[in-house]
Amino acid sequence: MSGPLRRRRARRPAHSAAVGSRYLVIGIVGSVLLLALAALIVSGQGLPGGGGRQLYGVFNGTMGLRAGSPVRVAGVQIGKVADIGNGPGATAEVTLDLRADAPPLRAGTRLRIRPRVFLEGGYIVEVEPGPPGRPLLGDGATVPLRDTSLAVSLPSVVGVLDRDARGRITTSVSELDAALARSGSAAPLLRALPPTLRDATKLAVAARGTRPGELGDLLRNADRATAALAA
């Protein structure tokens, strides 16, 4: 065997070891990058360079809202509440962290704090996007007080009633419980509930009117009419 051929064969093991080391380093770096990317996706931060954005809302109160509460559009979660602080005057400022895949929001977007599930105790921020054609809300935009609202909670409704009214409600619920216990089945009541609730929903929607303040005008006019009838 000639001298040059012998030297080339002697160099092959070292060359193969160097190539193998490079592939090992590339594999380790690639695995670390994949793990970091997966962690970002799982944590809801989105892809690097395409992160989410923040939106601020000024409310008259926060009810039972907490940091970490969901932010939803049409029932789909698009973010979470990041912080709750003091706003101008006696208001509260709620910071919302929106995900990278959250839909674009425009001027006129409305925010509403409402119960997550009836009587469940948790609260969410419900987002109603602004109309098409309005300017887009950028990162760090603020939804003003006029475009935010709080859901009417059952305790707040009961709280405005006097002691006698609350007592009558308690008696009515107790009598209903006794009636269902005597009948042995709530099936007839449950069958009657859907059409009743549908009609009640139509009445509630109609009572909102077609413009702000219309319900107040209706009550004032009804007050004047009943006063005239009483006279």
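In this predicted model, residues 24 or more positions apart account for 59% of the contacts in the protein chain with a separation of 6 or more. A contact means heavy atoms within 4.5 Å. Residues are numbered from 1 along each chain as its sequence is written. Local features need pLDDT of at least 70, side-chain atom pairs count only at pLDDT 80 or more, and totals for chains, interfaces and linings use all residues, while side-chain values use heavy atoms, without hydrogens and water.

The protein chain has five helices and eight strands. These are DSSP runs, numbered from the N terminus: helices are H or I with at least four residues, strands E with at least two. Along the sequence the pattern reads α-β-β-β-β-β-β-β-β-α-α-α-α.

The eight strands form an open sheet with mixed pairing, in the order 7-1-4-3-2-6-5-8. Two strands pair if DSSP finds at least two bridges between them. Each edge strand pairs on one side only:

| Edge strand | Residues |
|---|---|
| Strand 7 | 141-143 |
| Strand 8 | 148-150 |

Strand 2 (residues 70-73) runs parallel to its partner, strand 6 (residues 123-128), over two bridges. R72 stands opposite E126 in strand 6.

Buried residues (under 20% relative accessible area, 1.4 Å probe, protein chains only) make up 19% of the 231 residues in the protein chain. The largest nonpolar core has 20 residues. Such a core is a set of buried Ala, Val, Leu, Ile, Met, Phe, Trp, Tyr and Cys residues joined through side-chain atoms within 4.5 Å. L55, V71, L96, L98, L111 and V125 touch the most other members. Beyond four places away in sequence, L96 touches residues including R53, K80 and A82.

Terms used: Buried means under 20% relative accessible area, exposed over 50%, partly exposed in between (1.4 Å probe, protein chains only).
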